Amino acid sequence: MNWREQIFQEFTPQVAALTLVADPDNLVTETEVLQEIQARGFAVLLFEDAIAFRYVYESQYRHRLEQGQSIELVIIFPGEAQQLNSLPYDLLQNSRQVNFSLNQLFPHLSYSIVNDLDRSYFDDLYQAQTDHNPQNLGDNATKDFILRYVFKIAPEQINQTVDLLLMLLRRHYRGQSLPRILDNYLIQQLNNIFSSSRDGTPTKRSEKESSTKGDRLFFSRWPLATIISNRQAFFAFLQKHWLDFIQHLFANSQRVAESSATYGNSASINLPFDHEDIRVYIDNLFIEGYLQPINAHNLGVTTAKLQLHPWVKAGLSLDPTIEQRQRYQKLLSAVNSSVPKQDAKYQEWLKFAATWAELIVLWQQQQKSNQEQSSVTADDFQTLQAKVDDNFFPWVNLHYSSLYNQLGTTPVMVHQIPRFLARYCEAAKTNKVALVVVDGLAFDQWLILQKVLLTQRPQWQFSTEAVFAWIPTITSVSRQAIFAGKAPFAFPNSLDTTAKEANLWNQFWVDQGFPSVEVAYAKGLGELDSITEVEKIVAHPKVRVVGLVVDTVDKIMHGMQLGTAGMHNQVHQWAEQGFMSSLLNLLLQHNFKVVITSDHGNLEATGIGQPKEGAIADLRGERVRVYPDNVLRDKVKSDFTTAIEWPAIGLPVKYLPLLAPGRTAFIRTGEKIVGHGGISLEELVVPFIQVEG
């Protein structure tokens, strides 16, 4: 029995037509819980915004309930059980009421600590509770319990450099997300242990004890406050000390320009990269792009010397062309074995999207530099691409409807980003946030942009995560959802335009208690001369919240005739012009927390013909058509039998998309474009980046 079974027991079909659920801890909205409830025949509706709820309830459910139709509706209220009485009387009078909370699931653990934990870890926590039967643990004891049994971290067992490095590698390579409160506790525990090794008491110690004390003294030089909590900072730490390690390994004392320019001056820590437990990570760290190989020639490392330590080859560059091909082949193999299955958790697809984007970039580089082998490599890549598509679409079909109510430590879908920013602003009255939406930026194009930005501003750090866009993956749906902070059904009257974005953005923040004077919005950015407009906004002493739309990438895409390779080339050229680095630098200088995201990605698609539909479509996109009713959509579907009739998930009832299947588009047969609107990993999973200067 897992924690979900306690919830499922309350959802037996044919008990009540209307069930009100008090869900203050977002348990019922967890992906697997929602899916099982829906699989049992229940319709599910979230009561979060009263106006949006009333629109959906009145248009889809009320008349069916009043007429006694065969429907069982579950309304989830994200508040305490006693707050259910605040719901409209017509809901209360004929409903069954139930409630779920963390106190019911984890009665002996500290509520505040468990509530900070990402719900994806509840399976492990529930199992640990079953196995170890803890009794009424306080805050610190709960923190220790979670660290030990959920994340397998026992601070007192970290005695040597290898122990600490291995713990950090396991965590950050897997992308484990610990709440800030757990990170702070872990740092405190480690500092306490390390400081006890500096007590100076002149006691006689064994050789092993002396070694342990020496290592723990050595830990004081590690920037624990940043590398424990910040994934990007940890990999930057590894990158910096990989150079020191290689210099030490090959007994080369030459301090090369690359060292001072790229990695800065650092006291050598000599991380044990050569330890057998650490070495197993080295290849993947470089292959998957977490670390970058350093120039072997500048360090005086020759092929002959390298034969003494062949395992370091992944982290050194001798012949970039050969190494690029080798890295591509290794990453191709790694990605092939790690494509998430159709029953994967959403976190697996978000993590995989970044690796897939890295492979797309390498693939395009291979195409450019190895024309004579392009047909061979194309077969391999396209076979893998088909595998990704074949796994991703069924997963989306099954799981997408449960995504927009998910709550993680970071946003799961793009419309949740404003709430993430609001929590930061609410933490302190001096906190300021800037959301930069780069319209149409796919994940692989972000990697191109990031590389240029790091060349221009090597001191910056980018915390890279991913979020799901809205389907259909078009600007008027997904970008508006970002600035509204709501699902598209909440703004049904503006789904054919973006003209109301500024109002939606302002209204979201006013609803959170922020005065309008503190909120700003600007769009049409992307050229250097538009920096002046942003300067005026951020210089205003009262502005705390800024929403910015950079539309250059979307303009590049809609004029692109050279496919993905052309997109990479044009994004690179645009990045080198310096607009993005100037924009981000301006925001950071004015002390804004900066977040970059996109409303949708894009992909290279092939035409399957244009529907002959006259004016019956509300939207005629290259990858999607939208119709006001099923009759009109069915008429076009009959001519394009493989097209996808996408249900109105999170959309108004009379907004019915017809999506082009696979990597095709509703354009002239055989014609090639770069477009968006459909369901592909490249269109649907977009970057979510936090920038630190």
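This is a predicted model: local features need pLDDT of at least 70, side-chain atom pairs count only at pLDDT 80 or more; totals for chains, interfaces and linings use all residues.
Residues are numbered from 1 along each chain as its sequence is written, and side-chain values use heavy atoms, with hydrogens and water left out.

Five of the five residues of β3 are buried, so the strand is largely enclosed by the rest of the structure. Here buried means under 20% relative accessible area, exposed means over 50%, and partly exposed lies in between (1.4 Å probe, protein chains only). In a regular strand the side chains alternate between the two faces of the sheet. Accordingly, Leu-73, Ile-75 and Phe-77 point one way from β3, and Val-74 and Ile-76 point the other way.

Two strands pair if DSSP finds at least two bridges between them. Strand β1 (residues 18-22) runs parallel to β3 and is joined to it by five bridges, with Thr-19 opposite Val-74. Strand β2 (residues 43-46) also pairs with β3 in the parallel sense, over four bridges, and Leu-46 has Ile-76 as its bridge partner.

Helix α23 (residues 501-511) has Glu-501, Leu-504, Trp-505, Phe-508 and Trp-509 buried. Seen down the axis of α23, the buried residues fall within an arc of 130° (taken from the directions from the helix axis to the C-beta atoms), so they line one face of the helix. These residues pack against α20 (417-427), β7 (432-438), α22 (475-484), β9 (519-525) and β10 (545-550), where contact means heavy atoms within 4.5 Å. Just after α23, Gly-513 takes a positive phi of about 100°.

Turning to the rings, a search of the whole structure finds 44 aromatic pairs. Rings of Phe, Tyr and Trp (its six-membered ring) pair if their centres lie within 6.5 Å; planes under 30 degrees apart count as stacked, over 60 as edge-to-face and the rest as tilted. The rings of Trp-242 and Phe-286 have centres 5.3 Å apart and planes at 55°, so this pair is tilted. The pair links distant parts of the chain, with Trp-242 in helix α13 (residues 231-249) and Phe-286 in helix α15 (residues 276-287), 44 residues apart. Both Trp-242 and Phe-286 are buried.

Note on methods:
Helices (H or I, at least four residues) and strands (E, at least two) are DSSP runs, numbered from the N terminus.
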